[in-house]
Amino acid sequence: MTRATIVGGGMTSFGPHDQPLEELFADAAFASMDDAGIAGDEIDAFYLGNALGGQTESDTHLAPKLATHIGLQGIPCQRFEDACATSSNAFKHAVQAVESGVHDVALVGGVERCTPETGLGTGEMTRIFAGASHRQYEQPTGLTFPGVFALLTKRHMHEYGTTEEQLAEVAVKNHHHGQFNPKAHFGRDTDVEAVLETPIIADPFHLMDCCPFSDGASAVLVVSDDLADSFTGEPVSVTGVGHRTDAVPLADKASLPETRAARDAAAEAYEQAGITADDVDVAEVHDCFTGAEVLAIEALGLFEDGTGGRAAADGETYIDGEMPVNPSGGLKAKGHPIGATGTAQLVELTEQLRGDAADRQVDDARTAVAHNLGGDAATTVVTVLEARA
């Protein structure tokens, strides 16, 4: 059953940008409005994802600021912060508002700047990112987010025998996909040897196992299903949105590699959509590190537990594989501007379901799933999108 409909999507390139947040977001917002054929005075509400603006650029109260810049002042505006799941959480609330009849047309998007264009280097940005870990139990130990996902991945390696070479194959696959995405931060072919030759960041992760800090913005237009045909943008149905959480800190989780919140969110989203994992044709998952993609595709039920590690090496998750994952290049190659990542996944899947993804198009894509996590995977939002019949 359709809960709401996406009729437009737009995003900037991901990578260094020297524009202020208002201008960066405007580029994505206007692209989504043009795609949908929606004028500013037809938008009823604005839902914004931005996680770090206050810490990195002393820029808060962003929702009305950005709305003013794009001519939407006066409508209800709300900013969401939920670590890396920020704009997916904003999207969930927009879908609920449209589905319940509170609003007919909602703009949802995210924007973030994380590169040295902010004036902050990698060390300071890593410290700011670590603010999503537990203040009393984890931050005093110096735990960083490469360290968080290294711990999750090392447990998966211990339980299932996943290897560093298999993790490197995930990076190779997503960089291969990224070369077909003109908006990707790093799109170029590489190989396992090159990945393993890069410096160790947090065992087992080498530098090339880690996604980059990126700047960028993304946006989608969400409308009620009965209005979808009123606009020029080809509609894509939102049939499920699951949102669940798990314990923080890591020591309180029942299991590290299962990423319980993702499993619960997927079950919720699949039930709403009336599908199973077997129905999914293409997935965009939160591969902030190569190990995170392995955990995600198992949690979504796309691969059995313990088999995700070899999926890329076996060619199964390539664009022409049996279960294509991250045709955009994922966070690993496309980039990861925190607050923009969730809605950027939806922009990619909208293009895939419309058949508009050019050289990275997945054949016969009809049902798609997005997996966007926050923090140590304690927050996960899973969204099911389907092409309209």
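User: In which loop is Pro 204 found?
Analyst: This is a predicted model, in which local features need pLDDT of at least 70 and side-chain atom pairs count only at pLDDT 80 or more, while totals for chains, interfaces and linings use all residues. Residues are numbered from 1 along each chain as its sequence is written, and side-chain values use heavy atoms, with hydrogens and water left out. Helices (H or I, at least four residues) and strands (E, at least two) are DSSP runs numbered from the N terminus. In these terms, Pro 204 is found in the loop between strand 5 (200-202) and strand 6.

User: What is omega for the peptide bond that joins Asp 203 and Pro 204?
Analyst: Most peptide bonds are trans. The bond that joins Asp 203 and Pro 204, however, is cis, and its omega is about 15 degrees.

User: Where is Pro 249 placed?
Analyst: The peptide bond from Val 248 to Pro 249 is cis, with omega near 15 degrees. As for its place in the chain, Pro 249 is in the loop between strand 8 (236-245) and helix 9 (260-273).

User: What is the phi of Ala 358?
Analyst: Most residues other than glycine have a negative phi. Ala 358 sits in the loop between helix 12 (341-354) and strand 10 (367-374). Although Ala 358 is not a glycine, its phi is positive, at about 50 degrees.

User: Which helix gives the most to the lining of the largest pocket?
Analyst: On a 1 Å grid over the protein atoms alone, a pocket is an open set of points where a 1.4 Å probe fits, with protein on both sides within 12 Å along at least five of seven lines, and lining residues have an atom within 4 Å of a point. The largest pocket has a volume of about 800 Å³, volume being the space filled by probe spheres set on grid points that are joined across faces, edges and corners. Of the 37 residues that line it, the closest to its centre are Phe 129, Cys 211, Pro 212, Phe 213 and Phe 289. Helix 5 (122-129) and helix 6 (145-160) each supply at least two lining residues, but the helix that gives the most, with 4 residues, is helix 5.

User: How many residues apart in sequence are the parts tied together by the pair of Phe 129 and Phe 213?
Analyst: Rings of Phe, Tyr and Trp (its six-membered ring) pair if their centres lie within 6.5 Å, and planes under 30 degrees apart count as stacked, over 60 as edge-to-face and the rest as tilted. Phe 129 and Phe 213 form an edge-to-face pair, with 4.6 Å centre to centre and 65 degrees between the planes. Phe 129 lies in helix 5 and Phe 213 in the loop between strand 6 (205-206) and strand 7 (215-223), so the number of residues that separates the parts in sequence is 84.
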